[in-house]
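Colleague: Could you take me through this model? I'd like to start with the strands.

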Amino acid sequence: MLIPKKNLIAIYEQLFRDGVMVAKKDFNAPKHPEIETVPNLQVIKAMQSLKSRNYVTEKFAWRHYYWYLSNEGIQYLRDFLHLPPEIVPATLRRQVRPEASRPRPKMDDQRRPSGTGRGEDQRDSYRRAGGSFDDKKAAAGPGGSFQPKYRGGYGRGQTDS
């Protein structure tokens, strides 16, 4: 399929920026949800072309295509879009989490509203009330009064005697 160069560049830029591309399997859609100026069919066909050259891996689930950029694809798009090696897709960037550096404060029991489901004290009392695990093993099963009787003549293989 012939795709205009400006559309192809827009598709490749979006793919390189995110590292992934998603498209619904709707060949008649007038535009792609992420790239407003490009029809959905052109996105699918451009990604199909990259897939045939092993630049992306494709997954299909629930009427949606999912494409993930491979290392060879990153290099190809860098050459095609004339990008320096310092620029990497979003999937390869490390996320800096400022919340991980400071500890999260615990909630006091006084601030917790009364009657809120399960607290740690309720869990602990439940665990202590059970006693040992031996009681659970003894209580399991049908019980001492259960006496199964096996009589012949039911089901297949019934013999006349």
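**Strands, core and charged pairs**

Modeller: K24 stands opposite H64 in β3, and strand β1 (residues 20-24) is joined to β3 by 5 bridges, the two running antiparallel. Strands here are DSSP runs of E with at least two residues, helices are runs of H or I with at least four, both numbered from the N terminus, and two strands pair if DSSP finds at least two bridges between them.

Colleague: Before we go on, what sort of model is this, and how are residues numbered?

Modeller: This is a predicted model, in which local features need pLDDT of at least 70 and side-chain atom pairs count only at pLDDT 80 or more, while totals for chains, interfaces and linings use all residues. Residues are numbered from 1 along each chain as its sequence is written, and side-chain values use heavy atoms, with hydrogens and water left out.

Colleague: Which residues have the most contacts inside the largest nonpolar core?

Modeller: They are I11, L15, M21, V43, M47 and W67, in a core of 23 residues. α1 (5-18), β1, α2 (40-52), β3 and α3 (71-81) each give two or more residues to this core, and α1 gives the most, with 6. A nonpolar core is a set of buried (under 20% relative accessible area, 1.4 Å probe, protein chains only) Ala, Val, Leu, Ile, Met, Phe, Trp, Tyr and Cys residues joined through side-chain atoms within 4.5 Å.

Colleague: And how many salt bridges are there?

Modeller: The structure holds 2, a salt bridge being a side-chain nitrogen of Lys or Arg within 4 Å of a carboxyl oxygen of Asp or Glu. In one, the closest N and O atoms of K31 and E36 are 3.1 Å apart; in the other, those of K51 and E58 are 3.5 Å apart.

Note on methods. Buried means under 20% relative accessible area, exposed over 50%, partly exposed in between (1.4 Å probe, protein chains only).
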